[in-house]
Structure formats: C-alpha cells, structure tokens
Amino acid sequence: MHLAYPAVLAVLLFCTGLYGVLARRNAILVLMSVELMLNAVNLNLVAFDVWLRDTLHAGQALTLFTIAIAAAEIGIGLAIVLLVYRNRGSSDIDRLRDLAERPDGTDADGTPQPDTKAEATA
Amino acid sequence: MTLAATAAGHGFLSPTGVEIAFLLVGIGTLGAAVITVTTRQLVHAALWLVVALGGVAVEYLLLTAEFIAWVQVLIYVGSVVVLLLFGLMLTKAPIGRSPDADSGNRWAALVVALAAAAALVWVVVDAFRATWIDFGGAVQGSAEASGRSLFQYWVLPFEALSVLLLAALVGAIVLSRRGGEGRAPAAALKDGAARVFGAPATTPREEQR
C-alpha cells in the first residue's frame with residue numbers, strides 16, 4: 001500500500017479536528033474534536049510503524065500509550081466541564097471569560113461584564 | 001526495505017485491493033468526522049463520532065495492526081463515546097437543533113483548517129510519494145507481537161502510564177463529586193481527596209465509572 005494514503009487521511013482527520021476545536025462553542029464538542037486529532041496522530045503512528053518494520057514496535061506501543069492518555073484526558077476534561085457547568089450553568093467556552101484581559105484595562109471585579117452578571121444569576 | 005525494488009512493482013494507476021478498501025473506508029471516516037464537527041445536534045455529533053472512530057479501527061485492521069484496532073474499539077467506541085454522551089446529558093445538552101453550536105469565529109476556523117490541510121497534504125504527498133508499505137513477512141501488529149514488545153522493551157513507560165491513568169481517574173472523581181450543601185468547591189476538594197475511596201456512590205460521576 002502506498003504510504004500516502006494513511007498519511008493524507010491522518011492529515012485530513014487532524015484538520016477536521018482542528019476546525020472543530022476552533023469553531024465549536026460547547027466544551028464537550030471541543031473534546032470530541034480533540035479526540036479526532038488524537039486519532040489522526042495514532043493513525044500516523046501505526047502507518048509508520050508498519051512501514052518501518054521497527055523491531056521495538058515503537059509506533060504501536062506509543063499508539064497504546066496515546067490511547068491511554070486520551071482516556072485519562074477525556075475523564076479529567078469531562079470532570080472539569082461538569083464542574084464548570086455546575087458552578088456557572090453553562091458549558092459554552094466563549095462565555096467563560098472571567099480571566100480575559102479587556103483592551104481598556106478593566107477586569108471582572110472592577111466593572112462587571114454582562115456575561116458574568118448573567119452567569120452569577122444562573 | 002529497499003525502495004527501488006518495491007517501487008518497481010507499484011503504480012498510482014493500479015491500486016491494489018487493500019488500497020481501494022483503505023480509500024473507501026477513509027472517505028467514510030472523513031465524512032463522519034466532518035459531520036461530527038459541523039452538525040448542530042449535539043447528540044448526533046457523538047453518534048457520528050462513533051462512526052469516525054470505528055472507521056479508524058477498520059483502517060488499523062487494514063494496516064495489519066489488529067491489536068490496536070480492538071483496543072480502539074474497546075476504549076474509544078466503548079468508553080470514551082459513552083463518557084461523552086454522559087457528559088452531554090449531565091450538562092443538559094438540548095435535544096434537537098441548537099442554533100448556537102458554532103461560535104462566531106467559525107469562518108476564521110475554516111480558513112485556518114483549510115490552510116493547514118493544504119500545507120500538510122502538500123508536504124506529506126511530496127515527502128512520501130515514492131514510498132510503499134510492504135505487507136509481506138511477519139505480521140506487525142498481532143497481539144503476540146504487540147504484547148511481546150510492550151512487555152520486553154516498554155515495561156517502564158507502561159507502568160508509569162498506569163500510575164498516570166490511576167491518578168487521572170482519581171482526580172476526575174474528586175473533581176466531580178458533589179460536596180455537602182453550601183460548601184465551597186475548594187473545601188469539597190480538600191476532604192474529597194481523603195475520602196474518595198469511601199465515598200458513597202451517589203454522584204452521577206461515580207455511577208458511570
């Protein structure tokens with residue numbers, strides 16, 4: 001098999017995940033897009049391991065490690081998302097801007113923004 | 001592998017059966033991934049993610065990495081997507097179309113993704129256009145070969161990773177268990193770490209573990 005097939009598929013999957021991370025608003029959808037990006041990396045690792053015929057099987061071992069780290073990441077990520085949802089009533093990542101720097105120098109405790117006021121009542 | 005000897009018998013215009021199968025499954029996988037990141041129904045996004053991850057598992061099988069393929073089915077399709085569905089339910093995701101699923105910067109995101117795709121595809125195709133994978137010889141990814149290399153050469157990273165996974169799961173439980181009424185999350189975190197194993201399984205997070 002030509003090596004370009006899995007490599008190009010991995011590139012396209014990665015860029016799909018990249019679009020999802022940048023464009024999605026719900027935090028759980030962002031986590032799904034991160035999973036797509038990790039799968040693209042895994043596909044590359046497996047393809048290059050099969051191509052190089054590595055005696056240590058480094059590609060496949062690292063793929064297993066990546067899958068385990070992705071499982072840990074999704075657990076922690078969902079726990080954080082649930083905690084944010086419980087405290088704020090929303091899991092939209094572009095509404096969580098308490099730590100954002102405003103261009104005019106004011107911050108959240110100086111002049112409360114409309115977003116934080118809405119989240120405090122939620 | 002000797003590149004010239006193997007490249008002589010291959011060509012772009014005479015794809016083998018494995019290549020055709022890989023291409024078809026890859027188109028399906030990519031389509032499912034695109035629907036996952038563009039659909040406006042949140043639960044449908046998780047279900048299309050199942051299709052995409054299952055397609056990747058089939059690609060692993062076509063690349064003769066069977067152990068990785070079954071691990072992919074077990075971990076991703078079996079547990080990660082179920083966790084994501086639980087997360088969608090616990091954050092009261094709307095059933096049906098939600099018009100604000102995409103944020104305001106989706107056109108900038110589309111431009112960035114297309115530029116990255118164009119650049120990476122160009123680089124990858126230019127680098128590997130004369131490279132073929134040889135499937136002859138011993139199977140690379142059987143369970144025996146993977147297990148042998150994993151427990152001969154990769155034992156120490158494997159054990160370190162198991163400790164990391166345990167720490168991450170304990171951390172997830174501690175983060176998401178509900179404290180007493182009216183307590184700050186920091187206080188719940190502080191004694192939650194001490195009582196995590198003896199806590200009653202009443203929070204939704206622990207039921208799904």
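Chain A has a secondary structure of four helices and zero strands, where helices (H or I, at least four residues) and strands (E, at least two) are DSSP runs numbered from the N terminus. This is a predicted model, in which local features need pLDDT of at least 70 and side-chain atom pairs count only at pLDDT 80 or more, while totals for chains, interfaces and linings use all residues. Residues are numbered from 1 along each chain as its sequence is written, and chains are lettered from A and ligands numbered from 1 in the order in which they are written.

**Chain A**

- Read from the N terminus on, the elements of chain A follow the order α-α-α-α.
- Of the 122 residues in chain A, 48% are buried, a residue being buried if 20 or more other C-beta atoms lie within 10 Å of its own, exposed if 12 or fewer, and partly exposed in between, with C-beta atoms placed from the backbone.
- Among the contacts in chain A between residues at least 6 apart in sequence, 51% join residues at least 24 apart; two residues are in contact if their C-beta atoms, placed from the backbone, lie within 7 Å.

**Chain B and its annotated spans**

- The unreviewed UniProt entry annotates residues 20–38, 45–63, 69–95, 107–125 and 154–175 of chain B as "transmembrane region"; the positions are given in the numbering used here, feature names are shortened, and annotations may be inferred rather than shown by experiment.
- Residues 20–38 of chain B are 100% helix and 0% strand, with end C-alpha atoms 27 Å apart, whereas residues 69–95 of chain B are 81% helix and 0% strand, with end C-alpha atoms 32 Å apart.
- The 22 residues of α7(B) should span 32 Å at 1.5 Å a residue, which agrees with the 32 Å between its end C-alpha atoms; the expected span is 1.5 Å times one less than the number of residues.
- Buried residues in α7(B) include B:Ala168, B:Ala172 and B:Ile173.

**Helix packing within chain B**

- Two packed helices are described by the angle between their axes and the distance between the axes; axes are lines fitted to C-alpha atoms, for helices over the stretch in contact, and angles run from 0 to 180 degrees between N-to-C directions.
- α3(B) and α4(B) pack at about 175 degrees with their axes 8 Å apart, and that makes α3(B) roughly antiparallel to α4(B), since angles under 35 degrees count as roughly parallel, over 145 as roughly antiparallel, 65 to 115 as roughly perpendicular and the rest as oblique.
- By class, this contact of α3(B) with α4(B) has 19 nonpolar, two polar and one charged residues; Ala, Val, Leu, Ile, Met, Phe, Trp, Tyr, Cys and Pro count as nonpolar, Asp, Glu, Lys and Arg as charged, and the others, Gly among them, as polar.

**Where the chains meet**

- The contact between the chains draws 77 residues from chain B and 60 residues from chain A, and those of chain B divide into 53 nonpolar, 17 polar and seven charged.
- α1 (residues 4–23) of chain A packs against α2(B) at about 5 degrees, with axes 9 Å apart, and the two helices are therefore roughly parallel to each other; their contact has 11 nonpolar, three polar and one charged residues.
- α2 (residues 27–52) of chain A packs against α3(B) at about 5 degrees, with axes 11 Å apart, so α2(A) and α3(B) are also roughly parallel to each other; the residues of this contact divide into 13 nonpolar, one polar and two charged.
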